[in-house]
Amino acid sequence: MAIIFEGKSTCPICSQVLDKGKPYMGFLPFTGNAKDILFMFSDSGVHVDCLHSHPHGALALLHRNKCGEALKPENRKCWIDGQVIERREHVISFGMFTSDESEPLAKFNYMMLNRLNLGRWQDRKAFISAGTEFLQAGKWGSLTEVNVLQIAINEIK
Ligand SMILES: [Zn+2]
């Protein structure tokens, strides 16, 4: 979960500090795309009431669950061969790229790949072209110099 300091961290929706006075929930850093409508929730603590009244609250909750599922050790299975990836250094996983399901890139959200299987991944080209187009269209944003999508493309290439 996000690291939340009660009395210091603020809710991204109402900007009030998070404390015991009002229930809130934490989100893992599930996306690196600063331009996504859900980015505000990534790695944040959010009041439950604020979340439920926010237009993207339901979608944020859906991704909170998807991310939680994807991270369970028993779900660390390679999309290519269906086998649990035993060694952490073989895991290729980048969380959510886009919450817009109409994007071709969306089908690669929470992808889990064993590095050793990349050579026989049938969607390899599809991922690279979807990712490259997404970048070129300016739909990806980074708050730092680390561009997660570019890193993903480089890893898969
Ligand atoms: Zn709030």
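Asn-117 touches Cys-78, Ile-80 and Asp-81, when residues up to four places away in sequence are not counted. The model examined here is a predicted one. Within it, Asn-117 is found in the loop that runs between β4 and α3. Asn-117 has a relative accessible area of 6% and is therefore buried, the cut-off being under 20%. With Asp-81, the contact includes a polar one between the two side chains, at 2.9 Å.

Helix α4 spans residues 148–156, and its buried residues are Leu-149, Ala-152, Ile-153 and Ile-156. These residues lie on the same side of α4, because they cover an arc of only 95 degrees around the axis. An α-helix has 3.6 residues a turn, so residues three or four places apart point the same way. At the N-terminal end, α4 is capped by Asn-147, of which a side-chain oxygen lies 3.1 Å from the backbone nitrogen of Leu-149.

The largest pocket holds about 150 Å³ of space. It is lined by 13 residues, of which Cys-67, Leu-71, Ser-93, Phe-94 and Gly-95 are the closest to its centre. Helix α2 (residues 57–71) supplies the largest share of this lining, with three residues. By class, the lining of the largest pocket comprises 10 nonpolar and three polar residues, and no charged residues.

Key:
Residues numbered from 1 in each chain as written. Predicted model: local features only at pLDDT ≥ 70, side-chain atom pairs only at ≥ 80, totals over all residues. Heavy atoms only, no water. Buried < 20%, exposed > 50% of the residue type's maximum accessible area, 1.4 Å probe, protein only. Helix = DSSP H or I, 4+ residues; strand = E, 2+ residues; numbered from the N terminus. Arc of directions from axis to C-beta. Polar contact = N/O pair within 3.5 Å; in protein donor to acceptor, adjacent residues only side chain to side chain. 1 Å grid on protein atoms, 1.4 Å probe; cavity = no way out; pocket = protein on both sides within 12 Å on 5 of 7 lines; lining within 4 Å. Points joined across faces, edges and corners; volume = space filled by probe spheres on them. Nonpolar A, V, L, I, M, F, W, Y, C, P; charged D, E, K, R; others polar. Contact = heavy atoms within 4.5 Å.
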